[in-house]
Amino acid sequence: MEKKFTHCLFQKKWTALCVVSGLLLVGAQPLRAQDIIYKAAGDSIVSSVDEVNDDEVLYFNVPTTKGSMRRKLSVKEVTKIKYANGYVELFESTTLSSGRTVTSALAFDVIYTVSGSELKAKVLEVDETSVTYSLLNSKTVDKIATDRLIGIRYANGFEEAYNAPAALKEKAAAQALAAASQKASAALNPDVIKLDNGKEIKARIQEVDELNIYYTPVDAADPGKREALALEKVFKVLYANGYEETYTVSKKALAKEEPAEEPAPKPAKVTESKPVKVAEAKPEKVKEPKPEKEKIAKAAPKKEPAEKKPVADAAPAAAPLAPQSLAVIPLEELFKRPAFNNLQKAAYEPMSVEYLDLRSNNLKALPAEVKNFKNLVGINLSKNNLRKFPMELLDLPNLQYVWLDETGLQSLSFDSDQLEKLKKSNIVFISAKSNHLTRISSSVFGLANLQELKLNNNQISGITWDKKTDLSKSYLQSINFESNRLSSLPVELKDLPSLTELSLSNNNIKSLDKETVGFKTLKSLKLNSNPLKKITPQFYQLSAIEEVDLNQTQLTSLPDSVSKLSHLKVLVLPGTFATFPADFGRLKLLSELRINNSSAYSKIQQFPAAVLSCQRLRTLDLSGADIKTLPSEIAKLRRLENLYLSNCRLSTLPEELFTLPRLKVLDLSNNKITQVSKSVAELNSLENLNLTDSPVEGNSLLALRRSLPAAQIEYYDGDFGLNFTSAPLPANKLAGFKRLFAACDQGNPGAYVELGDFFNTSKDYGLALKAYQVVTANPQLEGTGKSVACLLSIAEIYDDVDNVKPYTSPYKRKRYTDYDDYLNTSANNKAFQSYLAITRVNPRDAVARQAQKKASARASIICNEIAENLEKIFERNTAEIERLIQGSGDMQNLSAGGEKIMNDAVVDNSEAAAAVGAVLSIFGSAASSAKEDKSEKYKSQNVRLKNDISNLKAQATQLAAN
């Protein structure tokens, strides 16, 4: 193929050179280049093509004369054009859905690679180092380095060569080598096959299939001889080009390949050996590829020599699980590598495929091409129609991540004859969410390296136990059964030696009896959204548990034995919870306590005193609890960082609250607090103070802003009827703010004006209003320039009919949709009312008079705008009146027609006709009356509208004259 390609290129370039040389030798008359247009009818035209567009080919006949005319030919009649410079442009006809036939150049190019592949694609861009292209029937864009190309044949016939000569020369030399030369080359740079028993074979590998490796030993007498070796005996293959492929992870081979630096002497007694605990080899949790944040295990440390098995008389239960030897590739690292979502493209480079995304491809089985992707690490088969787990995935030696969400999966189990494959599989993560699973088989836990299993949103009611399942060697750490149909804790999982996370949210679990015996490694248990009413004492034997979520259950109390959960750090309780046990304070490691009091009737009536003994609490959420007051002992929680007290009916706050040195978030929203003590300034670590929907007074809000310059403050403003967020003050302006506030303390009105202007510019309109109101509320400043200017600034904040300012308030100026809207909301137009109020002020200086003049002009403009708004409403009413009158007449005609039918029915003695006539008559009469009433309403509105419009225009004229 390469020889033919290069020969073709050479031939075309030589032809083009001859043509150009011939033209240069012609001196009598300039000649146009000769192109050939091939027509669909079979004939051709020798011409000089001038232009080709979507519809026509424009050309001159050859030879041309001085008066030659430009001719045209429909592209529908053209199959190709061969240009004088060697370019060939092909055309094809396409019939659109509308019936129109469109002819255009062929839409694909051919990329020839050094490896012999031919990629049919659309070349998008070519630069010095790479070619950007998109394969046919693919929406993805890829790149290939130019040093991997022989050339490109474009759709228009043009051919471009790259390193073809070097590639051809190299291939020709390779083909010319004799068998002896091939043997010598293999000996110098061979492939290495590492066997499971530790031995190595130096060879030239010819082929690898599912069962065998076919190779030629470097020292073979016959270079053409090919030998076969079963893959089950192979540990790893090191190819001459540096690529490595692992087949079976043999502990013996690992021990040989990576010996310990200082081998430990053989212990005298097996019981004295202390293997590394599983917890020290736990892989890290990483995120799933979807928008939701989910976890998976950390990558394990480097491979270590396998632990020696205990002697026969040792108790099996006492033998700890050996550290996992598999090196897990973090998901973030996998997603940095190229993602293949097109099988055709992936098939060209099977050894480069590490992440294959085949979502939403309507697959009913695993494509056969996938078995060739030996380096595949992750495969996403979600949103297909697979119905069962593709067993072929177990044959992929490097596969670690599998997504099977929304695939119609009806079973998740493995047969006993696949036991060996399960032991060899490197799959660490399976997601089978949102399927039709009703039960799962314990054989799933036979996957030797499985660490995380996601089964949420199915209909699973239990686990089918397979006697051949051995849980003692499972590395499974996290299982998600959220939103299924489980009625009890799956006791079958209690002996999993590595299980740390178990989510049973949103099932049908009503009680926990003896199921909790076991689970010695469990750290996180989520039981939220279950009808759980009872927990037996056995539950508190979960010695390793650190997080328990009981939100939205029906528990009302916890027994004293809860204190046995000595490692508990996070506890979430339901809104039904009412009583804390006396020993609750013995949970010395508890750092987060949340009670979801979402119901209107909280069971907690006072601050739980038992909580005050939990000295390590960092987060306390009592939102919704009807506690009314906080105890002064709150100061004991010195490590508290987040305190949520929303909707607790608080009206005052103790001074001791402001002594918490680490407090970062304080949520006091939706309470009855009107004042906040200046001691709040002592909360040096505070980052967020939430006072939304709490009626804190304006002066207190300004004091808060001064006291907490580095915190974000969320507050409610009654003047606007909405909540605002005040951002932290800029660090580079803090010194200036301190001077401003100091001036405010001395009663300097200019300082308040400057403060209001800053907040106004920062779009913190609530605090801006509060600063301006300090000036306008001072009777000694009434009528002065500062006071009137502040009134004008307040009016301008409300004057936002186009909603340019980033807030929504019922007091903004607005456009009215109808007359009722005008009557109901015009009084809320604080911009207009504020401008009018300024016009009634008695100005005391020139600044005040100038501000008053501006306010009069703005009020006049608003009057005219409202008048125009009402005129449009008047026009709409008039049109509606005409429509209603017309409709009323139609309904009267319908009623009259019904009466005629009734009269005729009496003559004909037809009861059915009489009933129809009665219905038409009654309906027509009622509809006519309703339309007349509505038209009268609009007529009455229009009378008032005329009067309002007249008054507004008169007022506008008067204001403009001021």
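This is a predicted model: local features need pLDDT of at least 70, side-chain atom pairs count only at pLDDT 80 or more; totals for chains, interfaces and linings use all residues.

Six strands form an open sheet here, in the order 17-16-15-14-18-19, and the pairing is antiparallel. Two strands count as paired if DSSP finds at least two bridges between them. In general, strands of a sheet pair through backbone hydrogen bonds, either parallel or antiparallel.

Which strands stand at the edges? They are strand 17 (227-230) and strand 19 (244-246); each has a single partner strand, so one side of each has no neighbour in the sheet. From one strand to the next, the twist averages 40°. Angles of this kind run from 0 to 180 degrees between N-to-C directions, with axes as lines fitted to C-alpha atoms, for helices over the stretch in contact. Val 237 has Glu 245 in strand 19 as its bridge partner.

Residues are numbered from 1 along each chain as its sequence is written, and side-chain values use heavy atoms, with hydrogens and water left out.

As for confidence, pLDDT is the predictor's confidence in each residue, from 0 to 100. The protein has a mean pLDDT of 81, and 81% of its residues reach 70 or more. Where does pLDDT stay under 50? One stretch is residues 1-32, for which the model has 33 contacts beyond four places in sequence. Another is residues 176-187, with eight such contacts. A contact means heavy atoms within 4.5 Å.

Ile 111 has Ile 152 in strand 12 as its bridge partner. Thr 113 is also in strand 8. Is Thr 113 buried or exposed? Thr 113 counts as buried, because its relative accessibility is 5%. The cut-offs are under 20% relative accessible area for buried, over 50% for exposed, and partly exposed in between, with a 1.4 Å probe and protein chains only. Leaving aside neighbours within four places in sequence, Thr 113 is in contact with Leu 119, Ile 144, Arg 148, Leu 149 and Ile 150.

On to charged pairs. Side chains of opposite charge can pair when their charged atoms come close. The rule for a salt bridge is a side-chain nitrogen of Lys or Arg within 4 Å of a carboxyl oxygen of Asp or Glu. How many does that give? The count is 34 salt bridges.

Take Asp 357 and Arg 359, whose side chains meet in a salt bridge at 2.6 Å, N to O. Asp 357 is buried at 14% relative accessibility, whereas Arg 359 is partly exposed at 32%.

Next, Asp 719 and Lys 770 form a salt bridge, with the closest N and O atoms 3.3 Å apart. This pair links distant parts of the chain, 51 residues apart: Asp 719 is in the loop between strand 40 (712-717) and strand 41 (722-726), and Lys 770 is in helix 11 (residues 765-776). Here Asp 719 is partly exposed at 23%, and Lys 770 is buried at 9%.

Lys 814 and Asp 821 form another salt bridge, their closest N and O atoms being 3.1 Å apart. Lys 814 is partly exposed at 31% relative accessibility; Asp 821 is buried at 13%. Elsewhere, salt bridges that share partners join Asp 799, Arg 813, Arg 858 and Glu 865 into one network.

To finish, the totals. The protein has 16 helices and 41 strands. Of its 962 residues, 44% are buried.

Notes
Helices (H or I, at least four residues) and strands (E, at least two) are DSSP runs, numbered from the N terminus.
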